[in-house]
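Hi everyone, thanks for coming along.

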2 protein chains.
Amino acid sequence: MNLPIGFRYAAVYAGIRKQERDDLALIVPDQPAAAAAVFTTNVVQAAPVRLARKHLRASKGRAAAILINAGNANCATRTGDAVALASCKAAAKALNAKPQQIVPASTGVIGVELEPKLITAAIPHLASKLAPEHFEDVARAILTTDTRMKVASEEVKLRNGTVRIAGMTKGAGMIHPNMATTLGFVMTDAAIEAKHLQPMLAHATERSYNSLTVDGDMSTNDTVVLLAGGASGVAPDAKERKVVEEVLTWVMESLAEQIAADGEGARKLIVVRTVGFKTTDDARQVARAVANSPLVKTAIAGSDPNWGRILCAAGYSGIAFDPRKVDIYLQRTLVCKDGLAADFDEAALKQKLDEAEVRIRIELKGSGKSEARFFTCDLTEGYIQINGSYRT
Amino acid sequence: MNLPIGFRYAAVYAGIRKQERDDLALIVPDQPAAAAAVFTTNVVQAAPVRLARKHLRASKGRAAAILINAGNANCATRTGDAVALASCKAAAKALNAKPQQIVPASTGVIGVELEPKLITAAIPHLASKLAPEHFEDVARAILTTDTRMKVASEEVKLRNGTVRIAGMTKGAGMIHPNMATTLGFVMTDAAIEAKHLQPMLAHATERSYNSLTVDGDMSTNDTVVLLAGGASGVAPDAKERKVVEEVLTWVMESLAEQIAADGEGARKLIVVRTVGFKTTDDARQVARAVANSPLVKTAIAGSDPNWGRILCAAGYSGIAFDPRKVDIYLQRTLVCKDGLAADFDEAALKQKLDEAEVRIRIELKGSGKSEARFFTCDLTEGYIQINGSYRT
C-alpha cells in the first residue's frame, strides 16, 4: 500500500477484550491535522461519539490523534463519559496535545462498564510504539467479528504533486445505511482545510457507507473520521478538491464493499444496482429495499435465481412504479422482462450465483435516468450463529 | 371449536403443488355474505388480489365464496389475470353464483405460470365436498411453509342472541406490517352490512396483522377477508358492533400471534410491548424497529439477555427520546434502568429466555401514556435453510 506520508500508527493489547488480541490503537499525524467526521444518527449514542463531536467542535476541526478501543462500545454505561474523557486526557498527555484534539472511537459490546485504567495505563506504551509502518496493526486491532482486515488506498497526481489517501475500516454486523456505518478512518497527506473536508467526507459517505447494509441494524457507535495532514505539501485548489473527493469516494467505496463482503456469516458480496428511476432518491430507496430483504439475501445464499422476491421487495420499497416496466438481471442474465419471467437457463445461472460476487440489476423503463448502487451480502446460518451468542 | 353457523368448507388436491397435499379450497356461506377485505400495499400485486378488489367493488361487498389456491401465487405471470378470472367463473358456475361474487386468493411461488385447467377441472369435485365440518381441511390446505394449522374462534352473547367468529390463517415468512399480512379468512354468523364490516376489519387488522413482523418482507398476495353471513339471525346495533369488533380483534390477534410463533425457522414467539410514548404511532414505530431487528431476534434465539441491542434498535427507530428515561424488561426482569445496565441474575434470566414465549417491555418515563404491541419471532438457522431453497 502506498500510504500517505506524515502519519504514525500503533496498536497494543490493553486487556479490554477477553481474547488476547490488540484492542487499543492510535492514529497520529505528525502535526495536528484538519479533521472531518460523520457519526451515527441513532438517538442512543456511545460516550466516545458524543465526546468526539464535542472535541471536533472545540478544536475547530483539528485533530492530534484518533484513539480507538475495540471490545467495549463504552455505551449505555454509568461511567461512559468519564472513561472517554480520561482516555483522551491520557492520550493528550502522552502526545503533548490538548484533550480536545483527541478524537475517540469505540466498538464492542453495549452496556458493560469499561475500566478506564486499562486504557490510561496502556497509553504510554501505545504511544512509544507509534511508527508509520504500523498502519495494518491498527487496521487489525479495530476488528471485532470481522474475519479479515479491510484497507484501501489510492494516490492522485495533482498540478503541484501527488497526494495519497488510505483508509481502514471494521464492521461486519449492525451495519445499516443512513449513517457513517461502523468505524472507518481515512488519512490523506493533502493539505485541505477542515471546512472543505467535511462536505468531501459527506459526499463520499453517501456513496459508500450509506449505500451499505448487512442486517438493517444501526449501531450506537458508528464513526468515520477523515484526517488531512498536509505532509505532502500539496494544497489542492477548488477544482482539484473535486478530484480528491472522487478518489476519496473510491477508497471509501472499496472499504464499504469489503464490509459487505465480510458481513457476519456472509459468503457472497451482493451489489444491487437500480437504473432508470425519476430521482436518485427513488433509485436508492428501491435498491435499499432489495438489499435489505432477508428473502432476497437467503435466496442468493442458496444460489436460487428467485427474481420474484427481488420484484416483490422493489414493490414494497415505497416507490411507485409500473411492474410491467421492470427488467431484472442476475449476474447479467435477464431473468425478468416487463415484470414477467424471462426465458433463461436456470442451471447455468445457478452456477453463476455460486460466485463470490452477485450482481442484481433492476431496470425501470421509460421513467427517468437516475440510478443508485447498494452493497450487501447474503444471509446465511453463520449470521445467526455469530449473533446468537455474541455477548455470552 | 365453536364455528359460526351457515358456512361450508372444502379442500382438495388439484395438482398445483408438487407435493400431494390439498391445494385448492372453498369457503361458502349458505347465502351470499357481506364481505370486507384488506390487501397488500405492495405495488406488485398478484392477479387474484387485483381481481378480488374488482369483484368486491362490483358486488358491492357481497360474496358467494372465497376461492383459495396454495402452491402458486399467480403473480408476475403472463396469464395471471386470465387464470384468476377463469377460476372464479368455474367456481361461480359450480355454486350457481355470479363471478364477481367470488373472492379469489393465492399463495405460493411468484413468476411461475399457473395452469388454469388444474383449478377449473377440480372445482366440481371441490364443490361437491362442501360441508360445515371441513373448516380445518381448508385451514390446512392454505398452508405453505407453515408447520402447523392456525385457527381461532370466539363467541359473544348479544342482546338478541349469540354470534360466533372463527378465523384461519397461513403465513410463516414474507410477513410484515403495514398490511393485511399473508392470507387470513374470518367468518361470522352475525348479520352486519358490508359498509359496517370494513371499518371493523380495518380496526382489527391494525392491532393484529399489522402488528406482526417475521422478516420485514411484504408479500404480493397478502389478503384478509371477513365474511358476515347472518345465519345467526342476530343483527348487532351500533353499540354491539363495537363489542363484535373487539371480539373480532381477539380472534385476529390470536391468528397473528400464531403466525409469529410459527415464523419460518422460529422456536420462540416474541411479544414487544412499548409503553409511555407520546402517541400510539410513536409507540408502534419503536416496537416495530425492535421487532424487526435481526440482532435482537438472533439474541433471543440464543437466549442472550443482550438488552443493549434492544435499546439500540429503539434508538434508530426514528422516534426521538432520551435514552436515560428508558427501562427495559425481559421476561418481566428489569435488565436496563434509566438507559443503563440494571442489576439482574443473568443465569436465571437466560433460563427464562429458553421459554417458548419471550416478552420484551420498553418503558419510556415522563413522556406520555400511549402504548403498542408487536408480535415477532426469533431468527434461527432454520429461516435460512427454508428460504435458501424454497423455489428449487
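Let me start with handedness: a crossing is left-handed if the near helix is turned anticlockwise from the far one by less than a right angle, and right-handed if clockwise. Before I use that, a word on what you are seeing: this is a predicted model, where local features need pLDDT of at least 70, side-chain atom pairs count only at pLDDT 80 or more, and totals for chains, interfaces and linings use all residues. Residues are numbered from 1 along each chain as its sequence is written, while chains are lettered from A and ligands numbered from 1 in the order in which they are written.

On to chain B. Helices (DSSP runs of H or I, at least four residues) and strands (runs of E, at least two) are numbered from the N terminus. Helix H7 (residues 280-292) and helix H9 (residues 307-315) of chain B pack at an angle of about 130 degrees, their axes 8 Å apart. Axes here are lines fitted to C-alpha atoms, for helices over the stretch in contact, with angles from 0 to 180 degrees between N-to-C directions. Under 35 degrees is roughly parallel, over 145 roughly antiparallel, 65 to 115 roughly perpendicular, and the rest oblique. H7(B) and H9(B) are therefore oblique to each other, and H7(B) passes H9(B) in a right-handed crossing.

Which residues of H7(B) meet H9(B)? They are Val286(B), Ala289(B) and Val290(B), facing Ile310(B), Ala313(B) and Ala314(B) of H9(B); contact requires C-beta atoms, placed from the backbone, within 7 Å.

Now chain A. Helix H1 (residues 47-58) and H2(A) pack at about 55 degrees, with axes 8 Å apart. That makes H1(A) oblique to H2(A), and their crossing is right-handed. From H1(A), the contact uses Ala47(A), Pro48(A) and Leu51(A), and from H2(A) it includes Gly80(A), Asp81(A) and Cys88(A).

H2(A), residues 80-95, is also among the elements covering the buried residues of H3(A), along with strands S1 (7-12), S2 (24-29) and S5 (65-72) of chain A. Those buried residues are Ile119(A), Ala122(A), Ile123(A), Leu126(A) and Ala127(A). Buried means 20 or more other C-beta atoms within 10 Å of a residue's own, exposed 12 or fewer, and partly exposed in between, with C-beta atoms placed from the backbone. H3(A), residues 116-128, has a kink of about 40 degrees at Ala122(A), shortly before Pro124(A). That bend is the angle between axes fitted to the seven residues ending there and the seven starting there.

Methods: Two residues are in contact if their C-beta atoms, placed from the backbone, lie within 7 Å.
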